[in-house]
Amino acid sequence: MSEEIPRLPDEHLDRAREIVAEKRTRQKCKSCYDRGYIGTNQNNLLVPCAKCTDVDGVMEAWRGYVAETPALKELYGDYFEEEEEGTDESQQ
Ligand SMILES: [Zn+2]
């Protein structure tokens, strides 16, 4: 049941780090050595530090970046897109 998530191309990691840096809520943090992220996961996606960054804000900014970057949109289109069909009004 595991969904295949493509590995993030390395060239986008810089932008990911910038996004994390922009969303930091504290300057000093021992958990992540002031980097704002813990590391990368198996998909090469940055794992933001929950102690000193606004993780929701990071995800939101990241989704925005994916949406405006065609190469990433192609890779992750469905995965990061906000759910569009939230309502149950499908009656005809
Ligand atoms: Zn931290």
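Predicted model: local features only at pLDDT ≥ 70, side-chain atom pairs only at ≥ 80, totals over all residues.
Residues are numbered from 1 along each chain as its sequence is written. The protein averages a pLDDT of 88, with 80% of the residues scoring at least 70, pLDDT being the predictor's confidence in each residue, from 0 to 100. Confidence is highest in α1, at 97, and lowest in helix α3, residues 70-80, at a mean of 83; helices (H or I, at least four residues) and strands (E, at least two) are DSSP runs numbered from the N terminus.

To return to D34, this residue sits in the loop between α1 and β1, and its phi is near 65°, a positive value in a residue other than glycine. N44, in the loop between β1 and β2, also has a phi near 65°, and N44 counts as partly exposed because it has 15 C-beta neighbours inside 10 Å.

Now to the helices. The axes of α1, residues 13-22, and α2, residues 55-68, come within 9 Å and cross at roughly 145°, where axes are lines fitted to C-alpha atoms, for helices over the stretch in contact, and angles run from 0 to 180 degrees between N-to-C directions. In this pairing, R15, A16, I19 and V20 of α1 meet V58, A61, W62 and Y65 of α2, a contact being two C-beta atoms, placed from the backbone, within 7 Å.

Within α1, the buried residues are A16, I19 and V20. Seen down the axis of α1, these fall within an arc of 100°, so they line one face of the helix; the arc is that of the directions from the helix axis to the C-beta atoms. Their cover includes β1 (37-40), β2 (46-48) and α2.

Finally, C49 lies in the loop between β2 and α2, and C49 is buried, because 23 other C-beta atoms lie within 10 Å. Leaving out residues up to four places away in sequence, C49 touches C29, S31, C32, G36, Y37 and I38. The C-alpha atoms of C49 and G39, which are 10 residues apart along the chain, are separated by 8.6 Å.

Note on methods. Buried ≥ 20, exposed ≤ 12 C-beta atoms within 10 Å, placed from the backbone.
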